[in-house]
Amino acid sequence: MAKQTKRFEMTQLRRTANAVIGGFLKFGLGPPELHLLTTRGSKSGFLRTTPVSLVDNDQGRFLVAPYGPVGWVRNIRKDGFATLRRGGWIELVSVTEVAPQRAAPVLREYLSHPRAAIVGAHFEVEPDAPVEAFAAIADAHPVFEIVRSTTVRL
């Protein structure tokens with residue numbers, strides 16, 4: 001039985017939390033999977049930055065959109081590249097959106113992490129659901145594989 005999901009809303013509290021987390025990440029503080037993702041707005045052309053959690057495993061490095069096709073997803077779909085920043089390091093990355101079968105184990109790993117306390121309500125399945133259940137919801141939670149990167153020190 002699928003669970004009821006919570007709809008994503010960018011509230012003032014979430015904006016403030018993202019700004020605080022972003023401040024820590026600029027100094028390299030926080031969990032190692034957290035980075036600042038910067039994309040160019042698909043319509044405005046302005047740079048947009050948001051904290052994201054990477055999944056880094058034997059299959060590769062992945063960006064997961066737990067809240068669905070939000071702004072950074074639309075931007076990265078248009079350009080195919082972005083920057084990741086953590087501390088004094090900035091990484092230019094090229095990404096490819098992956099198919100549901102490839103995305104499913106990544107989504108499952110993403111949701112099994114302690115971050116599930118924050119994003120779990122936005123998923124239609126439980127963390128211990130079979131991989132097939134994650135494949136069924138993969139279109140609602142885009143996954144992008146980092147296929148090439150160049151890192152520079154600021």
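Trainee: Is strand 1 mostly buried or exposed, and how do I read that?

Mentor: Start with the cut-off: a residue is called buried when its relative accessible area is under 20%. In this predicted model, six of the seven residues of strand 1 are buried, so the strand is largely enclosed by the rest of the structure.

Trainee: Okay, which strands does strand 1 pair with?

Mentor: To call two strands paired, look for at least two bridges between them. Strand 1 has seven bridges to strand 2, running antiparallel, and there Leu-37 sits opposite Thr-50. Strand 1 also runs antiparallel to strand 4, with three bridges; in that pairing Leu-36 faces Arg-85.

Trainee: Now zoom out. In what order do the six strands close into a barrel?

Mentor: Follow the pairing around: 1-2-3-6-5-4, antiparallel. On average, neighbouring strands of this sheet are turned by 45° against each other, ignoring direction. Take strand 5 (residues 89–97) and strand 6 (residues 143–153): nine bridges join them in the antiparallel sense, and Glu-97 has Phe-144 of strand 6 as its bridge partner.

Trainee: And which strands does helix 1 lie across?

Mentor: Helix 1 (residues 12–26) lies across strand 1, strand 2 and strand 4, at about 105° to strand 1. Then there's helix 3 (residues 100–112), lying across strand 2, strand 3 and strand 6, at about 95° to strand 2.

Methods: Residues numbered from 1 in each chain as written. Predicted model: local features only at pLDDT ≥ 70, side-chain atom pairs only at ≥ 80, totals over all residues. Heavy atoms only, no water. Helix = DSSP H or I, 4+ residues; strand = E, 2+ residues; numbered from the N terminus. Axes fitted to C-alpha atoms, helices over the stretch in contact; angles between N-to-C directions. Contact = heavy atoms within 4.5 Å. Buried < 20%, exposed > 50% of the residue type's maximum accessible area, 1.4 Å probe, protein only.
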